[in-house]
Amino acid sequence: MKQITGFSGILRPAAAVAAACLASPLFAQTGEKTLPSVTVEGTRSIAERNQLPATTESVTAQQAADTVNVMTTEDTLKYLPNILIRRRFIGDTQAPMSSRTTGINASARTLVYADGVPLTTLINNNNQNGSPQWFMVAPEEIDRIDVMYGPFSAAYPGNSYGAVAEIATRMPQHFEAGVKVGLASQNFSQYGTSDSYHSKQASAILGNRTGDWSWWLSANHLDSYSQPVTYLTIPQSTTAAGTALPVVTGAFADRNRTGAGIQVLGAGNLTHTVQDTAKVKLAYDITSSVSAAYTLGYWQNKADAVSQSYLTTAAGAPYFGGSGAVNIAGNSYSGATIGSLFSSNRVEQEHWMQSLSVKTRTQGPWDWEAVVSHFQYAKDITRTSTDLYPAAQTGGAGRISDAGGTNWTTLDLKGTWRSFGKQHIVSFGAHYDGYKLVNPTYNTTDWASGGNGALFTDSRGKTQTNALWAQDVWQLAPSLSATIGGRYESWRASDGFNFALAANGAGFPVNQPQVEQTGFSPKLSLAWQAANQWTVTGSLGKALRFPTVGELYQNVQTGTTFTQANPFLKPESVTSGELAFEKNTSAGKLRVSLFEEQVADALISQTSTIAGVAAPVSFVQNVDKTRQRGIELVMQRKDALIRGLELTGSLTYVDARILANSSYVPTSPGATSVGKRTPYVPDWRATLVATYRPDDKWAYTLAGRYSGRLYATVDNTDINPATYQGFEGYFVADARVRYRFDSQWSAAAGIDNINNRKYFLFHPFPERTIYAELRFDY
């Protein structure tokens, strides 16, 4: 690994921390002179089953049921090391996953699979329409989730360089049925909003196995209200108000993330979402060693979002803006500008997924597997008002954005050969994926129920990737193995098209050029099984992360920021390394990892202004080089100090820096991005979970999550994180109590954010939330 000497300042304190952990009673030795047996509980991780050379952390269904307040599937990963799901509210459909080296705005730098089928939406690399399709998996069908860190397995594409989450769902071995109901309630108070927001969830499962057939039916219903997702702000005016201007009160003076003065006038996107998911899974054992499985999933969402005004007139009426200027705190503000901040929107979505897999499980010399999947946006419409409130709450002019027709298809073929004595285990495969983005936006005379009018914008395009890969797990000696692999990829983007309607009514269509790239990504890992349950693993890997169709071709306007398509982006070229020391016993584990990641041509959004465009323009551009290096400490211990107490935790430090950026556009004289922190990667992260099980009925959990602050800009000019659009550090504590009445009935109650930490990750995040659930399993 390059610049390995840079670890010296990190390694010394890390060694001290690790030594202290080993010396503590939690990891004390019992004096064995021979290697004790290790009890294997439950199913093995996907990395163990497939001999994948990656650091892996896991959570099982039983662990999640005891320790996590789960309403939706992404909640299950809450306490895994260095995994943050940006879920702004229960039912949030824009919830990307970040890892120890990648941020919450980079959905295409991590991968999420369910039974080998990708849930990651590689339509874009953002925290919006690039977010995973978590809702296609019900929490009740999860068997376990394994998270693998780094691009060290040739079986996965370069998008894996952040992390890969593999969700394994279960199929019944006998007749089973179950029902679960859950409730959540949040009291939220910030600026002029003070209210309670409730959510309710109900799910049912039914399945059986008869002979060679097994089947599974599941249904899930979610009805949820969110706290404000956005705030409506306006720059602080320096123009004194005339005595004749009408006085409007209720605004909150504050500062934006760069420290400039603002007035907070209201709250936006208070969302009510109603979602339903249904899934059918069928499996058939063709022979004793060959099986096939088919999955059909359907998800629908109807969501309504409104704005709230903090402003009132002298007569006490709500103020939503208008044609003239007004007096706020002694300064003059444009009523038209204020009016443009308030809007409503309505979302209607229907998504379908299908997958078919056939595989063998002989564990003999040969095994193979084939998986094909298809996702289709049958309906994906967002209607947004553009007229003035309050009349715009029920109708009037607006826009209709239609992503219906967006789809993707994937195919994976895999084979495994095991030599006599299994000195070599060779796996190899072929991969195909094709992604299609369709996203026109139309003007309409009635945003609530009207039809499409004139085309306002359009973004379309396709990407396709073909890959061949192979890797060999070579047992060099009884205690030493090497994994050598590589992945060759051929990528193409085509049919890119953009359209924009100018203010004078003229249209500007652009047919974007086709682009192609190829590349090879080698991998190497060495694992040494040392004495006393210790394993030392060193891994190096290269990865290519090709641009998504959205990064290349999608124009989007979000609030006051306009995102400009860039069809000439180069793929990210990633070189990663990790040195991990891990001890595993029947009572727990301890791992210390040193890692470094260097990314050439990193795809990062940079915002500036261009001539002729009033709104700031956000460009996705290639940043010449970033480097993320750090250390991670992970521990887990059963019967810690007292019988029945289990402790798990992690502590990570990352030094993430921009090393070169020739495309940087200075935001002020003398500004630079070189040497600044890489956007959206915090310096420190930590988790700690304590679960006490005094018997087989009760489980008491207390947990904590910590993150350092983040920067959102490449030049780190967002100096004020404690405001809307800022990214604060935070510590939140959670609790859960679960009781099993018998083998069928259980109940649980919990609290997330016990300490009621108010913090922003661009958006205001949930405050103290209370949970309750009741579950029956037959």
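Student: Which residues touch the most other members of the largest nonpolar core?

Tutor: A nonpolar core is a set of buried Ala, Val, Leu, Ile, Met, Phe, Trp, Tyr and Cys residues joined through side-chain atoms within 4.5 Å. Buried means under 20% relative accessible area, exposed over 50%, and partly exposed in between, with a 1.4 Å probe and protein chains only. The model is predicted, with pLDDT of at least 70 needed for local features and 80 or more for side-chain atom pairs, while totals for chains, interfaces and linings use all residues. Among the 55 residues of the largest core, those touching the most other members are Leu77, Ile83, Met97 and Ile167.

Student: Which element gives the most to this core?

Tutor: Helices (H or I, at least four residues) and strands (E, at least two) are DSSP runs numbered from the N terminus. Elements that each supply at least two core residues include α2 (46-49), β6 (142-149) and β7 (163-169). With five residues, the element that gives the most is β6.

Student: Is alanine 392 buried or exposed?

Tutor: A second, separate core of 14 residues includes Ala392. Alanine 392 lies in the loop between β18 and β19 (398-402). Because its relative accessible area is 0%, alanine 392 is buried.

Student: Which side chain forms a polar contact with that of arginine 629?

Tutor: Residues are numbered from 1 along each chain as its sequence is written, and side-chain values use heavy atoms, leaving out hydrogens and water. Arginine 629 is in strand β32 (residues 617-637) and counts as buried at 9% relative accessibility. A polar contact is a pair of N or O atoms within 3.5 Å; within protein, one must be able to donate a hydrogen and the other to accept it, and residues adjacent in sequence count only if both atoms are side-chain atoms. At 3.0 Å, the partner is glutamate 596.
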